[in-house]
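Visitor: I'd like to learn how to read the features of a protein model. Could we go through one together?

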Amino acid sequence: MPATIAGDHAIVKRLFNRLLPKSWRSSVVTVPVIRLHGTIMAGGGQFRPSLSLASTAGLIEKAFSFEAPAVAISINSPGGSPVQSRLIFKRIRDLAVEKNKKVLVFVEDVAASGGYMIAVAGDEIFADPSSIVGSIGVVSASFGFPELMKKIGIERRVHTAGQNKAVLDPFKPEKKEDVERLKVLQLEVHETFIDLVKERRGTKLADDPDLFTGLFWTGKRGLELGLVDALGDMRTVLKTRFGPKTQLRLVAAPRGLFGRFGLFGSSKGFSAPDIAAAAASGVINAAEERASWARFGL
């Protein structure tokens, strides 16, 4: 159901409910739930979906169209693109203000780095005692192959217009000035991240020198540091807050017969080159994604 139709349906339902005698009115509260799970990056595709504004905007819009006292968001992400993280954060906050709704965030295994940036969009953040939270920092990782190139007898040829167009080329020796330039960029992104966390968490944050160093903690320690508001799971918290009859309504993307991202669920199908290209690029993406989760022992 499109967000506009869902919104109209909610309005009609609310008006009809008001016309009924109080004893006849439904006492059931429905809370929409969004699952933001996975690494955060622009792009993605049929074979390797990822979290980005493009992939989540529709779900977020639909969740806020419900006639509900709050929107619940389940987060399980080791982070990724700082830009996409902030764009998702901003879309959630913009709609929360526009619709005047509370946002309750529930951390599953991990909400770290960009995952935590999205989490602070919540008016309240809940975590399991063993969840991983934090990692408020910026990282850039790559490989260097200059010695390998020499051993196998391959010459690297790069031609640019602009002396800085080939900085940090993994096939050339690393230059000190290139690394210093990268660190300046990282510090700027880090400051933006820190400012956002301070703005959202305010006086809840503990005065701890390690808070913004990129370290991460369990949900239990995160509570002491002010990174989360309480320990608990979604079902228990929502039923305690809104009543035992509270229903959780998962807001999910429409799926084909065999899955939205499955080979047979696609509306256009895939050619052999499509599948081969996706498999080749997927090996690298899968390794990077695996490394992101592995940082937190997951």
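Visitor: Which residues form a negative surface patch here?

Guide: Some ground rules before that. This is a predicted model, where local features need pLDDT of at least 70, side-chain atom pairs count only at pLDDT 80 or more, and totals for chains, interfaces and linings use all residues. Residues are numbered from 1 along each chain as its sequence is written, and side-chain values use heavy atoms, with hydrogens and water left out.

Guide: A patch is built from residues with over 30% relative accessible area and no salt bridge, joining like charges within 9 Å, or nonpolar side chains (Val, Leu, Ile, Met, Phe, Trp, Tyr) within 5 Å. Asp and Glu count as negative, Lys and Arg as positive, while His and the chain ends are not counted. A charge is placed at NZ of Lys, CZ of Arg, CG of Asp or CD of Glu. In this model the negative patch consists of Glu108, Asp109, Asp128 and Asp233.

Visitor: Where is Asp233 placed?

Guide: Asp233 sits in the loop between strand E7 (230-231) and helix H8 (234-242). Those labels are DSSP runs numbered from the N terminus: helices (H or I) have at least four residues, strands (E) at least two. Asp233 is partly exposed, at 39% relative accessible area. On that scale, buried means under 20%, exposed over 50%, and partly exposed in between (1.4 Å probe, protein chains only).

Visitor: How many salt bridges are there?

Guide: The rule asks for a side-chain nitrogen of Lys or Arg within 4 Å of a carboxyl oxygen of Asp or Glu. That gives ten salt bridges. One of them pairs Lys90 with Asp94, their closest N and O atoms 2.9 Å apart. Because Lys90 and Asp94 are four residues apart in helix H3 (residues 82-99), about one helical turn separates them. Lys90 is partly exposed at 39%, and Asp94 is partly exposed at 38%.

Visitor: Which pair links distant parts of the chain, 117 residues apart?

Guide: Look at Arg241 and Glu124, which form a salt bridge with closest N and O atoms 2.6 Å apart. Arg241 is in helix H8 and Glu124 in strand E4 (residues 124-127). Arg241 is partly exposed at 39%, and so is Glu124, at 23%. Then there's Asp208 with Arg221, a salt bridge of 3.4 Å, N to O. Salt bridges with shared partners also join Arg93, Asp123 and Arg200 into one network.

Visitor: Now the inside. Which residues touch the most other members of the largest nonpolar core?

Guide: A nonpolar core is a set of buried Ala, Val, Leu, Ile, Met, Phe, Trp, Tyr and Cys residues joined through side-chain atoms within 4.5 Å. The largest one has 44 residues, and Leu36, Ile73, Ile92 and Leu227 touch the most other members. H3 gives the largest share of this core, five residues.

Visitor: Is Ser113 buried or exposed?

Guide: Ser113 is buried, at 14% relative accessibility, whereas Asn100 is exposed, at 69%.

Notes:
Areas by Shrake-Rupley, 256 points an atom, 1.4 Å probe, with all protein chains shown as cover.
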